[in-house]
Structures are given as C-alpha cells and as structure tokens.
Amino acid sequence: MSDRPTLAVVGATGAVGTVLLRILSQRADIWGDIRLLAIPPDSQPRPSGGEPERAVGRRLTVRGEEVEVTALAEDAFDGVDIALFDVPDEAAAHWAPLAAARGAVVVDNSGAFRTDPDVPLVVPEVNSHAARRRPRGIVSSPHCTTLSMIVALGALHAEFGLRELVLSSYQAVSGAGHEGVETLRRQLSLVAGTDLGTSPGDVRRAVGDDTGPFPEPVALNVVPWAGSLCDEGWSSEEMKLRDESRKVLGLPRLPVAVTCVQVPVVTTHSLTVHARFEGEVTVGKAREILATAPGVVLYDDPAAGEFPTPADVVGTDPTWVGRVRRALDDPTALDFFVCGDNLRKGAALNIAQIAELVAAEAL
C-alpha cells in the first residue's frame, strides 16, 4: 500500500454513498485515486433496492472534483487498496470476495458478513484492534441502529462491565433508504392539514396500500416492527441489535432484550437503553465517562429541557446521550437515551473510519 492508497467506493449514488462522499471531502485527505463504482442494472445478482438504475455514467463531486461513476466489474478493483461497499446484502456477498481476491481490503456496510467468524465487526472507538485480523480480507461495519448506541455503551462497558441489556429503538425511515424517505413524504402529503389520526383506521384508509417498505403507515404513527420475521416472533432488526452488540463488545452470551419501532422521522435513530453492570454504578461517574468518551456528546439537563432529539442530532457525527439516571430499584443499572445520525456514524462515517484504520497500518 502506497503513502496515498487508492480507494474504491461501491454504491456511491445510494443514500449512504451520497453522505460518504461528503464525509470523504470533509475529513483529512489521505487518499490517492478515488474510484466510484456502481452495479449496472442488467448485472447479476440483481440487487433488491440500492442505487438508481442510471447510476453508471453519473458524475459526482468528491474532494471538490467531479468523478464519473463506472460500472462494477472484477477488473475495476485492480490496483485498489481499500474498497468501501454500500450495496444490498446479496450484491455484497457476490462482489466483496471478488474485490478481496484482487488485493483490496473490503470494508462492507451490508449485513452479508456481520456474523461471519472470519470477518471482524468493527467500531473504531470500541474495538479498533479487531480490524487487524481479517482472514477473508473483509471488515464489516455494524447496522445503523447498533452504531447509534454502541459507542456510548462501549465506553460504559469498559469501566463498569456490562451484564445485561434491555433496548427499545425508534428508527428513522432513512434506515430503509431512499424508498423509506419517499414513502414518509408521500404519506405526509396525504394527511397534511387533515384531522386524520383521530379515529380508528383513518390514516390507514387515507394511505391505502402505499406503505412502501413498512408493514403499516408510518406518517402520524409508530410501527412496532422493523425488518423481516425471524424465529419466535423476533424481527431481523432486533436480532441484529442483539448479535452485533455481543460481537463488538466481545460478550457472546450477553442477555439482550430488544424491541424495534419505526417512527416518522427522516434521519437519526434513537434508543432507550437499560444497561445492567457487574457492580454498583453512580450517575456521576457514568456522566464523567460519557462526557470524555471519543465520539460521544453528553447533552443532559432535563431541568433546562436539554436532552437529545433527532432534530438536534441530524447531520452530526457523534452519539448524543441524555436522560442518564440510575435504574429504579437496581443500583447496578443505568437508564439513558441515545440519538445518532443513521446515515453518518450509523453508516458512512464508520466505514470511512475503518478505512482510515486500515490505511494507517502501512504508515
């Protein structure tokens, strides 16, 4: 790897890819050539969702320069040192090993490799060391909901020793990509200026079958479901939160209870966290840890009406934490509320940080 490694971005025109290009332009410029790649619409395997069909041939701005998006092919990775992937799972499963075989270190944002024991799942603020061992030449990044809370939780775990988690997520529609955002906007246009939401079923009737990627209307509503059905009534999003938290924190048997909820917010996931630790905890010490943890902002003064909300956090990089308090009737547990921009730290920023870790290995 040269002093200025070559970077490929696969999926640059998607919702996360668009944010990633902005982040690459904002952070320290350590890169040589940056290639933008997209899956042609007639390629196999066909992705379910992801980039627009006219992605190939578009010109996008990176570091103040226009770069043409070219078609994804095996030889597109020749000479690439690090490849950032933001494509659907099935496309990543096909293309990431091919890129690694051509010599690129792949940093993947999909769910294709997160549970693979030979692929590290990395959050640089929590387990940066894990990125160095990559038998398959691939490093995986957690799901956006996990990333919205794991930096703050990792800092507390390092001090207190985590024993148990109870979580509820409040997930923004951009977690479902462009389709999720457009669905919310269409639904809001149907209900704006009306008294819908005041009698049973009126929002559902107004929206009809136009629920997009969600099982129920998300406008004027909360939907206690995200993802696909898994065993015993759990959703895939809930299983991701459990399994990824365990892997990143190195706690394979950590008890985790979780409910994922979809809310009518465009960008920024939120979670309530009930964390039980090995011994007694104090709010003062927890606040001290959170206030000094890299990648965390403590915003916590309920008496002054200060606590994080998606409207405060969207467009920012850190995890924001508020409502920190000791659990009722349990001196070993803390309750708190977190918010994180699911397109920045929840996706694009984390893979950019991992790429910087890998690039630094050669220095």
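H143 lies in the loop between β7 (138–140) and α4 (144–160). Helices (H or I, at least four residues) and strands (E, at least two) are DSSP runs, numbered from the N terminus. The model is a predicted one, in which local features need pLDDT of at least 70 and side-chain atom pairs count only at pLDDT 80 or more, while totals for chains, interfaces and linings use all residues. Residues are numbered from 1 along each chain as its sequence is written, and side-chain values use heavy atoms, with hydrogens and water left out.

**The surroundings of H143 and R114**

H143 is buried, with a relative accessible area of 9%; buried means under 20% relative accessible area, exposed over 50%, and partly exposed in between (1.4 Å probe, protein chains only). Apart from neighbours within four places in sequence, H143 is in contact with R114, E237, K240, E244 and G346, where contact means heavy atoms within 4.5 Å. With E237, the side chain of H143 makes a polar contact, side chain to side chain, at 2.7 Å. A polar contact is a pair of N or O atoms within 3.5 Å; within protein, one must be able to donate a hydrogen and the other to accept it, and residues adjacent in sequence count only if both atoms are side-chain atoms. From D81, H143 is 62 residues apart in sequence and 24 Å apart in space, C-alpha to C-alpha.

R114 is placed in the loop between β6 (105–108) and α3 (124–127). R114 is also buried, with a relative accessible area of 6%. Its side chain reaches the backbone oxygen of N109 at 2.8 Å. With neighbours within four places in sequence set aside, the contacts of R114 include S140, S141, P142, H143, K240 and E244.

β1, α1 and β2 form a right-handed β-α-β unit; a crossover is right-handed if, with the strands pointing away from the viewer, the path from the first strand over the helix to the second runs clockwise. Helix α1 (residues 15–26) has twelve residues and spans 17 Å from its first C-alpha to its last, close to the expected 16 Å. That expectation is 1.5 Å times one less than the number of residues in the helix. The buried residues of α1 are A15, V16, G17, V19, L20, L21, I23 and L24. These residues pack against β1 (7–10), β2 (34–38), β3 (59–62), β5 (82–85), α5 (177–191) and α10 (344–360).

β1 and β2 run parallel and are joined by four bridges; two strands pair if DSSP finds at least two bridges between them. A8 has R35 in β2 as its bridge partner. β2 also pairs with strand β4 (residues 65–71) in the parallel sense, over three bridges, and L37 stands opposite T70 in β4. Four of the five residues of β2 are buried.

**Positive phi values**

L220 and D329 are residues other than glycine, and each has a positive phi.

L220 counts as partly exposed because its relative accessibility is 48%. D329, at 83% relative accessibility, counts as exposed.
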